[in-house]
Amino acid sequence: MPPLRILAILLCGVLTVAAEDSPRKLAYEKDRRVWVASIDGSGAKKIGTGLFPDISPDGTRVAFNTEEQTGKTAWARHIAVVELASGKQTVFKDVPGDNAYYPRWSPDGTHIAFTLYDGHNWHFGLINADGTGFKYIRKSKDAEGTLYSPCWSPDGKSLFAQDMKNIYRIGLDGATLEQWDIKKCIPNGDMSGDGRIDVSPDGQKLLLGIDMGEEAHRKDWDGPLPALWTLDLAAKKGTRITPKKLFGWDGCWADNSTVLLLSQAVGEKTASLYKMTLPGGTTSKPLAKDVRYPTVSR
């Protein structure tokens, strides 16, 4: 075999191993700033100022929304993307209005879905990863039609969302493809506009942030008891994965049998980030403290 061909084969092998061994990353929000760390929480680094970070599937970029004060009680929010290698930040200008929120990367990293407010209603938007080509996925006609918590399906052809009564799978043209009644799937549970949805890598289950109709029985807790549930999409069956004594929210899948979540124990003033192994519900030691909205690369 010619020497150059041997060298090419060896280089391809090295690059393949390097890609496979590339460490997965974790992004989260802390003190209204965006941080990135290894998936075990180590090596945390601040990379920007903003909210709702979502790390790209390949772990090279983070999308988030900026927050700029424009008046005494007025704020402007825009979608931004920062490249981790260079630190270059791009704020998307090709978006109507000044209130864009909650960016979510498509599985192939080419598009970002998000919510935006026009002064009357919230809508779903879609934009290319470079900030061009904005279009609406779905416009809400009134408050009753508002959708929250966008989350991509693994094939990148549809999105999951919720309106506090139902969970939907909608096409990129805004059409409703499937629908699940929250109360029928989650006994004694509801979702708020802040309730989070994340789909498992195999696309079979949703991870849901649920407000339970149960007494918290905590002197230091104000509000409904937060719990995490999985929803089997085919069976339309919900399964609670956090026990009643473990208040859990802001969950995301690390893999098909592991989730990351926030929890706050009795007497603690802030939440910590944990890893939970399913189905047993075993939790790790805290990966990070006083954080919110974790996301992981694939």
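Student: How much space lies in the largest pocket?

Tutor: This is a predicted model, and about 690 Å³ of space lies in its largest pocket.

Student: Which residues lie nearest the centre of the largest pocket?

Tutor: S192, G193, D194, G195 and R292 do, out of 32 lining residues. Two or more residues of this lining come from each of β10 (100-105), β14 (148-152), β20 (205-212), β21 (225-232), β23 (248-255) and β28 (292-296). By class, the lining of the largest pocket holds 18 nonpolar, eight polar and six charged residues.

Student: What volume does the second largest pocket have?

Tutor: Its volume is about 360 Å³. The second largest pocket is lined by 21 residues, with R104, W105, P107, D198 and R298 closest to its centre. Elements that supply at least two residues of this lining include β4 (51-55) and β19 (197-199), as well as β10, β14, β23 and β28. The lining of the second largest pocket divides into 12 nonpolar, four polar and five charged residues.

Student: Now the cysteines. How many disulfides does the structure hold?

Tutor: A disulfide is a covalent bond between the sulfur atoms of two cysteines. The structure holds zero disulfides. For C151, the nearest cysteine sulfur is that of C252, 10 Å away.

Student: Is C151 buried or exposed?

Tutor: C151 counts as buried, at 2% relative accessibility. C252 is also buried, with a relative accessible area of 2%.

Student: On to charged pairs. How many salt bridges are there?

Tutor: Side chains of opposite charge can pair when their charged atoms come close. Here the count comes to nine salt bridges. One of them joins R32 and E67, with the closest N and O atoms 2.7 Å apart.

Student: Where do R32 and E67 lie?

Tutor: R32 is in the loop between β1 (25-30) and β2 (33-38), and E67 is in the loop between β5 (61-65) and β6 (68-69), so the pair ties together parts 35 residues apart in sequence. R32 is partly exposed, at 46% relative accessibility. A network of salt bridges links R32, E67 and R77.

Student: Which residue forms a salt bridge with R240?

Tutor: E214 does, with the closest N and O atoms 2.8 Å apart. R240 lies in strand β22 (residues 237-240) and E214 in the loop between β20 and β21, so this pair ties together parts 26 residues apart in sequence.

Notes: Residues numbered from 1 in each chain as written. Predicted model: local features only at pLDDT ≥ 70, side-chain atom pairs only at ≥ 80, totals over all residues. Heavy atoms only, no water. 1 Å grid on protein atoms, 1.4 Å probe; cavity = no way out; pocket = protein on both sides within 12 Å on 5 of 7 lines; lining within 4 Å. Points joined across faces, edges and corners; volume = space filled by probe spheres on them. Helix = DSSP H or I, 4+ residues; strand = E, 2+ residues; numbered from the N terminus. Nonpolar A, V, L, I, M, F, W, Y, C, P; charged D, E, K, R; others polar. Disulfide = S-S within 2.5 Å. Buried < 20%, exposed > 50% of the residue type's maximum accessible area, 1.4 Å probe, protein only. Salt bridge = Lys/Arg side-chain N within 4 Å of Asp/Glu carboxyl O.
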